[in-house]
Amino acid sequence: MAKKMTGIVAQFGAKGYGFITGDDGEKYFVHQKNVYNKSRLRVDTRVKYKVETSEKGLVAVDVKLEQLSEEKKPLTDNT
């Protein structure tokens with residue numbers, strides 16, 4: 001079973017892969033094919049993901065952007 005984690009994108013290149021630094025201090029390899037909705041990752045973006053182990057090391061899968069804890073309220077004119 002994959003472990004759920006959060007972290008920050010440390011690097012992500014034009015070739016479609018890079019690394020996430022987890023909140024636990026570990027580095028996780030991430031490939032574009034493991035990004036939810038095929039979104040393009042950007043450096044310093046907070047993400048949540050699951051971790052799997054491959055023969056080459058730790059891999060981030062099912063990577064999604066982490067939602068901000070405070071939701072934005074719709075603009076109103078208070079009339």
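**Note on the salt bridges and the barrel**

1. E66 and R46 form a salt bridge, with their closest N and O atoms 2.8 Å apart; the term covers a side-chain nitrogen of Lys or Arg within 4 Å of a carboxyl oxygen of Asp or Glu. E66 is in the segment after β5 and R46 in strand β4, so this pair ties together parts 20 residues apart in sequence. Strands are DSSP runs (E, at least two residues), numbered from the N terminus.

2. This is a predicted model, in which local features need pLDDT of at least 70 and side-chain atom pairs count only at pLDDT 80 or more, while totals for chains, interfaces and linings use all residues. Residues are numbered from 1 along each chain as its sequence is written, and side-chain values use heavy atoms, without hydrogens and water.

3. R46 also forms a salt bridge with D23, at 2.9 Å between the closest N and O atoms. D23 sits in the loop between β2 (17–22) and β3 (27–31), 23 residues from R46.

4. D23 is partly exposed at 48% relative accessible area, as is R46 at 31% (buried is under 20%, exposed over 50%, partly exposed in between; 1.4 Å probe, protein chains only).

5. Three salt bridges are found in the whole structure. One of them joins D62 to K50, with the closest N and O atoms 3.8 Å apart. D62 lies in β5 and K50 in β4.

6. Strands β4 (residues 46–54) and β5 (residues 57–65) run antiparallel and are joined by seven bridges; pairing requires at least two DSSP bridges. The five strands close into a barrel with mixed pairing, in the order β1-β2-β3-β5-β4.

Technical notes. Helices (H or I, at least four residues) and strands (E, at least two) are DSSP runs, numbered from the N terminus.
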